[in-house]
Every structure is written in C-alpha cells, then in structure tokens.
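Reader: I have a structure open and some questions about it. Can we go through it piece by piece?

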Amino acid sequence: MPENIVVKPSQVIERILTLELVRVTERAAVAASRLRGRGQEKAADQAAVDAMRRELNTLPIDGTVVIGEGERDEAPMLFIGERVGTGSGPRVDIAVDPLEGTTLCAKDMPGSIAVMAMAEGGTLLAAPDVYMDKIAIGPGYPKGVVDLDRTPEENVRALAAAKGVAPNEITVLVMDRPRHVELIAKLRALGCPIRLITDGDIMGVIYTTMPGESGVDMYLGIGAAPEGVIAAGALRCIGGQMQGRLILDTPEKRERARTMGVADPDKKYELQELARGDVVVAATGVTDGPLLHGVRFKGETIETETLVWRSSTGTVRRIAAEHREMGKFHLER
Ligand code: VTB
C-alpha cells in the first residue's frame, strides 16, 4: 500500500474481520441446512443460533448484540445486549439473523439465509421487534426519487421516470400478507409486475440492489424492523436508497421502543439513520435462492456461497467455499 494513504487502525481491523464474518454465517448456514425440509422451524433456528454464537465468540471483537434473537428473558442466546467476541478488539455493534426465513428452511423453499452485520459501536439502530414500513430501491437513482410518505402510485411513477421506462415495467417486491391487499391492488392497477415473497425480506430489500440478477426494482410494504436494519446495512454498502418507519400501534410497543432509545414513535428513518457507521454484512445461502445457492453436501465436502458487503469501500464479494468434513463442521452433525 502506498505510504501516503492513511488507514485508520479500525479500518484495518474491520477489513481483516470481513472474512471472519463469512466464517460465522457459513457455519450457521451449514448447521441450519442439516434440518432443511424437515418441518422443524425451531430446531433449525436453534442450530443456526448455536453455531453462529459459537463462531462469533472466537472473533477478536468487543461486540454487543443490538439486533438479536429477542430479549434476554425470552432468548437465552444472542439476546439483545449480549456481549460477544473475545472482548479484546474493536467495540462493534452486532446484528444477527442466524436463520432468516425459518419457514423457508423448514419447507426447503427458496431464499433462506444466515445473515449478520457488524458495525462501529453505537451506529446500528437498536430496533425493537415490531413491524416496519419500508421502501427501498437500488443504486443509480437521484436522491429522494421515492419517499415513504408518497403513495405507491407516486413512487412507481417517479422511479419509472428516473429509469426511463413505463410504470408497468417497474417490478415491485412485496411480502404476501393480508396487510398488503390494498397496496397490491394499487400496484396491480398500475400494471406493475409484483414479486410476492412469503418470507425473508432482508433479501427482498437486497434484491433491489441487483436488478439485473433479481429483476426487482423496488421493495414496498411492511416487514419486521430488525430485518430492516440488517437490510439497511447492506444497502449502505452498495448505495441504494431506503426509508423505514416503526409501526408502534400499541402503548406497550411505544413504551418498549422508548426504552430502546426511540424518542419519536412516528419518525421516518433514513438509510443513514438505520445504519450510521461503517458496516460489514455477510449472508450465506441455506436453501437455494435467486442470488445465493444453498448449502450443498457433496460426499466429503460441503459447499457454501456467501455475499459479503463492506461499506467503507463498497466492495461486494461473492465467496464460494468448499469445506471438508475433517474441519469443525463434522461436529455439528
Ligand atoms: C418479515 C421478514 C422475515 O418475518 O418481516 C416477517 O422480515 C414478519 O412478517 O423474513 P409476518 O409477521 O407477517 O410473518 C419473516 O418473513 C421471517 O422472519
């Protein structure tokens, strides 16, 4: 590296840790995939959680789980606030979804992943486990071309104009839920193709960053808030646009959010507020999906495919790995 380039020590550490994160999600994905198609959502999730936590605790970081499996009293592992890592290293925020799409894994349907984000300490939104209204598009569009406070019709038309196509050529990804009946009807009226997914909206948001591969231009609708923060981390790395608003429709949820630091329950979060600092995100396929193939067991070897995004450079790496049974993986049988 030329001498005149100044690299912060934290950046070097983060750079080194990028591959470590891949190991973490690979391990979780392999563990979950042994239960693929067996109809056991909880067991598959638990296997991923165990493997992810074990691997995370070997990393030279002083990590705090900000997005995790739940509150300490309901989730014994990877709960919000749990300290992870060896403790001797940079202070980082950790957001995990060891098995995103547990149902997809249990039914061996496309799109389940093991995913995590690591960011500078105190920079990821500590989102409560509530719903979030989200909008996301990929990179290359003028800032503010879409907005959560505009109607779906306005957003589709604006994105179509920016892309130079007709509104009925904008593919919108929406979660297939009764809460979206009205949204879907509006999009149908515009003639938009709609990609309906049953689960897994972290990838749903990420698809917008790779329209060439995924065919998706925009994410619209309501999904889980913690998943929104992890997806925002990935978008920060690639340069897409996203906004989110927590749905705090009961006094309990508002109180819960308040104790987690949410001062304004109606706040519209910009991408940079969901994930503020430098962030690294890694996702390994569990079942086959449009962007990642699932774990493959091939006699002596196990193959995984992982995407890892890094915000400080915008690098996206796709890592195909071949693991041998003599490694630690056989212990997870
Ligand atoms: C989603 C999505 C997840 O749960 O938001 C969803 O983020 C929550 O919505 O991938 P529902 O309560 O309607 O299921 C998942 O689909 C699975 O965790």
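Author: A term to begin with: a salt bridge is a side-chain nitrogen of Lys or Arg within 4 Å of a carboxyl oxygen of Asp or Glu. This is a predicted model, where local features need pLDDT of at least 70, side-chain atom pairs count only at pLDDT 80 or more, and totals for chains, interfaces and linings use all residues. Residues are numbered from 1 along each chain as its sequence is written, and side-chain values use heavy atoms, with hydrogens and water left out.

Reader: OK. How many salt bridges does a search of the whole structure find?

Author: The search gives 19 salt bridges.

Reader: Take Asp217. Which residue does its side chain meet in a salt bridge?

Author: Lys163, at 2.8 Å from N to O. Asp217 lies in the loop between α7 (211–214) and β8 (218–224) and Lys163 in helix α4 (residues 152–163), so the pair ties together parts that are 54 residues apart in sequence. Helices (H or I, at least four residues) and strands (E, at least two) are DSSP runs, numbered from the N terminus.

Reader: Is Asp217 buried or exposed?

Author: Asp217 is buried, at 4% relative accessible area, while Lys163 is partly exposed at 38%. Buried means under 20% relative accessible area, exposed over 50%, and partly exposed in between, with a 1.4 Å probe and protein chains only.

Reader: And Arg23, what does its side chain meet in a salt bridge?

Author: Glu20, again with a distance of 2.8 Å from N to O. Both sit in helix α1 (residues 9–33), and because they are 3 residues apart there, about one helical turn separates them. Arg23 is partly exposed at 35% relative accessible area, and Glu20 is partly exposed at 22%.

Reader: What does Glu273 pair with?

Author: Glu273 forms a salt bridge with Lys267, with the closest N and O atoms 2.9 Å apart. Glu273 has 31% relative accessibility and counts as partly exposed; so does Lys267, at 26%.

Reader: Switching to Asp62. Where is it found?

Author: In strand β1 (residues 62–67). Asp62 is buried, with a relative accessible area of 18%. Its side chain makes a polar contact with the side chain of Arg83 at 2.8 Å. A polar contact is a pair of N or O atoms within 3.5 Å; within protein, one must be able to donate a hydrogen and the other to accept it, and residues adjacent in sequence count only if both atoms are side-chain atoms.

Reader: Now the ligand. Which residues surround it?

Author: Among them are Glu100, Tyr131, Met175, Arg177, Arg179, Asp199 and Gly200.

Reader: How far is an oxygen atom of the ligand from the side chain of Tyr131?

Author: An N or O atom of the Tyr131 side chain is 2.4 Å from a ligand oxygen. For Arg179, a polar side-chain atom lies 2.7 Å from an oxygen atom of the ligand. Gly200 has a backbone N or O atom 2.7 Å from a ligand oxygen.

Reader: Last topic, domains. How is the protein divided?

Author: Into domain 1 (9–123 + 279–332) and domain 2 (131–274), with bounds from an automatic or database domain assignment. Their centres, taken over C-alpha atoms, are 24 Å apart. Domain 1 gives 26 residues to the contact and domain 2 gives 22 residues, where contact means heavy atoms within 4.5 Å.

Methods. A residue is near a molecule or strand if one of its heavy atoms lies within 4 Å of it.
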